[in-house]
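Morning, everyone. Please bring up the sequence and the structure, and we will walk through them together.

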Amino acid sequence: MIPLITQTPRLTILAASRALLTAELHKPQYFSTLLGAVVPENWPPSDYDRSAMVYFLDQLTIGGRDAAGWYNWYALRKAEGDVPRTLMGAGGFMGPPDTDGSAEISYSIAVDWQGQGLGIELVSGLVQQAAATGMVHRLVAHARADNPASQQALLHNGFALVGPGPAGYVRFERAVEPAADPRLQDVA
C-alpha cells in the first residue's frame, strides 16, 4: 500500500477516500468535518468538477484497497495564525502507472488561493508522492494553453513542455527517480 498523505511546507496533501468523495458529492454538510478543514464557498475549483468526483469515487470503488492513493488528493493549507486549515485545491493521479511506469497528474487551485505559489507546492507534493511509491518512472501532465500559471507550476517542478495535448492543452513530462527508502539509509 502506498502512503496516503504527503506534507509540503504549507500543505497537507491527503488522498481521497470513498467516504470523503461520497460526502463531497452527496453530503456536503459533513465534508468539512470529515476532511478536518474549512471548505471555501466557491468549492470546487474550475478543473475539478462533479464528473471528476464521480470518476474518482467509481475508480476507488472498483479498485478497492489497491486503488487508494492513485486518484484524487485534497490539498489542505495548514493552519497559520488566524487562518484555519483550509481546503484550497485538488490534484492527484488519473490512475496507477502503466506497465512502463508512466502516470498522469492533474491539479486545480481554488480561485481565492491562486497566485500564492500553492500550485507549485501541490505539484511538488504529487511528484514526491509519485517518487515515494517507487512505481512511477515518468509523470505526464496537461496544462491549458491559456494558463501560464499552471504551466509555470509544472516547469518549476522539473517538467518539460513536450508538445500539444488534447484540444486547448499542452503536454508536459518529467522523469521520476524513486525516493530513497529511509529504512536503508545509514544512521550516523
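First, a caveat. This is a predicted model. Keep that in mind throughout.

Overall fold. The protein has 5 helices and 8 strands. Read from the N terminus, the order is β-β-α-α-α-β-β-β-α-β-α-β-β. The C-alpha trace spans about 45 × 40 × 40 Å along the principal axes.

How does the radius of gyration compare with that of a compact globule? For 188 residues, a compact globule would come out near 16 Å. The protein has 16 Å, so the two agree.

Next, contacts and surface. Take the contacts with a separation of 6 or more: 63% of them join residues 24 or more positions apart. Buried residues account for 44% of the 188. The accessible surface is about 9,900 Å². Carbon and sulfur atoms hold 54% of that surface.

Now the core. In soluble globular proteins, nonpolar side chains tend to be buried together. Here, the largest nonpolar core has 53 residues. Which residues have the most contacts inside this core? They are Y74 and L139. Helix α4, residues 118–133, gives the most to the core, with 7 residues.

On to the aromatic rings. A pair of rings is described by the distance of the centres and the angle of the planes. The count for this model is 6 aromatic pairs. One of them is W43 with Y48. Their ring centres are 5.9 Å apart, with 55 degrees between the planes, and the pair is tilted. Are W43 and Y48 buried or exposed? Both are buried. Elsewhere, ring pairs link Y55, F56 and Y71 into a cluster.

W43 has another feature. The peptide bond from W43 to P44 is cis, with omega near 5 degrees. P44 itself lies in the loop between α2 and α3.

Q151 sits in helix α5, residues 148–156. Why does Q151 count as buried? Because its relative accessibility is 17%, and the cut-off for buried is under 20%. The side chain of Q151 reaches the backbone oxygen of R144 at 3.0 Å. Setting aside residues up to four places away in sequence, Q151 touches A143, R144, A145, D146, V170 and F172.

Last, G134. This glycine is in the loop between α4 and β6. G134 is partly exposed, because its relative accessible area is 38%. G134 and G101 are 33 residues apart along the chain, and their C-alpha atoms are separated by 9.3 Å.

That is the tour. Over to you.

Key
Residues are numbered from 1 along each chain as its sequence is written. This is a predicted model: local features need pLDDT of at least 70, side-chain atom pairs count only at pLDDT 80 or more; totals for chains, interfaces and linings use all residues. Side-chain values use heavy atoms; hydrogens and water are left out. Rings of Phe, Tyr and Trp (its six-membered ring) pair if their centres lie within 6.5 Å; planes under 30 degrees apart count as stacked, over 60 as edge-to-face and the rest as tilted. Buried means under 20% relative accessible area, exposed over 50%, partly exposed in between (1.4 Å probe, protein chains only). Helices (H or I, at least four residues) and strands (E, at least two) are DSSP runs, numbered from the N terminus. A polar contact is a pair of N or O atoms within 3.5 Å; within protein, one must be able to donate a hydrogen and the other to accept it, and residues adjacent in sequence count only if both atoms are side-chain atoms. Contact means heavy atoms within 4.5 Å. A nonpolar core is a set of buried Ala, Val, Leu, Ile, Met, Phe, Trp, Tyr and Cys residues joined through side-chain atoms within 4.5 Å. The radius of gyration is taken over C-alpha atoms; the globule rule is 2.2 Å times the number of residues to the power 0.38. Accessible areas come from the Shrake-Rupley method with a 1.4 Å probe; for residues, only the protein chains shown count as cover.
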